[in-house]
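Welcome! Here is a short tour of a protein model, written for someone meeting it for the first time. Take a look at the sequence and the fold, and then read on.

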Amino acid sequence: MWKSNPDGSPERLIALADGVFAIAITLLVLDLTVPRGLNPDQYREALRELLPDLGAYALSVMVLGGFWHGHRTIFRWVRQVDGKVVALSVLGLGAAALVPFPTRLISDYGREPVSVAIYAGAVAALGATHVGLVALLMRRPWLCGRVAPDEEFAHHIRDLSATVVVFLVSIPLTLVLGAAAAWCWLLLVPLKVFMGRRARRAR
């Protein structure tokens, strides 16, 4: 069996991921501002106008937080990385760093189907890189210091794949439902609860 050449421990890659996710989440909050010098009526109106921004912020914090936690969970098995693991990780971090842009789009133009489609595409791309990373590690057990249970990695692939599929499906749905296609993202809540319970029973 051909083996990749290990290229050191994953600590620096994990630290880079932590930094990228932290910066991406920080960028989300920078747009949450209220102008100074407003009278009471203008102030209340500004707060009402801020609600879409807060909703988009909360959504993206959950998305980025979930992927960050997943990345940390995946790498608890990894003791060495190689070039392809690094490349896939950096590709995923690039997708994570992009999330503030579509977040701004759905905040400012949330009723536009294109905004929903761009956001869904960005999240699906981020999820796809994580699916690829886990699949790669499954094929390269020598990068793990201890044997990672196949079922553990398989659960991650199923969980991440569900996210990718739901967000991808919402893209063509924007042609039919418009921006309301974003509501289908809520399907992930019961789906992930079900998958989590099933994984716990399988252990």
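Let's begin with α4: the elements that cover its buried residues include α1, α2, α3 and α5. Those buried residues are Pro100, Pro102, Thr103, Leu105, Ile106 and Ser107. Please keep in mind that this is a predicted model.

How does α4 meet α2? The two helices pack at an angle of about 145 degrees, and their axes lie 8 Å apart. The crossing of α2 past α4 is right-handed. On the α2 side, the contact is made by Pro52, Asp53, Ala56, Tyr57, Leu59 and Ser60, while α4 brings Thr103, Arg104, Ile106, Ser107 and Asp108.

Next comes α1. Its buried residues are Leu13, Ile14, Ala17, Val20, Phe21, Ala24 and Leu28. They sit on the same side of α1, because they cover an arc of only 125 degrees around the axis. An α-helix has 3.6 residues a turn, so residues three or four places apart point the same way. Turned away from that buried side is a face with the exposed residues Glu11, Arg12 and Ile23. Among the elements covering the buried residues of α1 are α2, α3 and α4. The length of α1 can be checked too: at 1.5 Å a residue, its 19 residues should span 27 Å, and the end C-alpha atoms are 28 Å apart, which agrees.

Now for the interior. In soluble globular proteins, nonpolar side chains tend to be buried together. The largest nonpolar core here has 46 residues, and those with the most contacts inside it are Leu64, Phe75, Val85, Leu137, Phe167 and Trp185. The elements giving two or more residues to this core are α1, α2, α3, α5 and α6, and α5 gives the most, with 11 residues. Which residues does Leu137 touch, leaving aside those up to four places away in sequence? They are Ile74, Val78, Val85, Leu143 and Phe153.

| Helix | Residues |
|---|---|
| α1 | 11–29 |
| α2 | 40–74 |
| α3 | 83–98 |
| α5 | 113–139 |
| α6 | 150–177 |

Finally, let's step back to the whole protein. It has 7 helices and 0 strands, and its C-alpha trace spans about 70 × 35 × 30 Å along the principal axes. Of its 203 residues, 41% are buried. Among contacts between residues at least 6 apart in sequence, 79% join residues at least 24 apart.

Key:
Residues numbered from 1 in each chain as written. Predicted model: local features only at pLDDT ≥ 70, side-chain atom pairs only at ≥ 80, totals over all residues. Heavy atoms only, no water. Core = buried A, V, L, I, M, F, W, Y, C linked by side-chain atoms within 4.5 Å. Buried < 20%, exposed > 50% of the residue type's maximum accessible area, 1.4 Å probe, protein only. Helix = DSSP H or I, 4+ residues; strand = E, 2+ residues; numbered from the N terminus. Contact = heavy atoms within 4.5 Å. Expected span 1.5 Å × (residues − 1). Arc of directions from axis to C-beta. Axes fitted to C-alpha atoms, helices over the stretch in contact; angles between N-to-C directions. Left-handed = near helix turned anticlockwise from the far one by under 90°.
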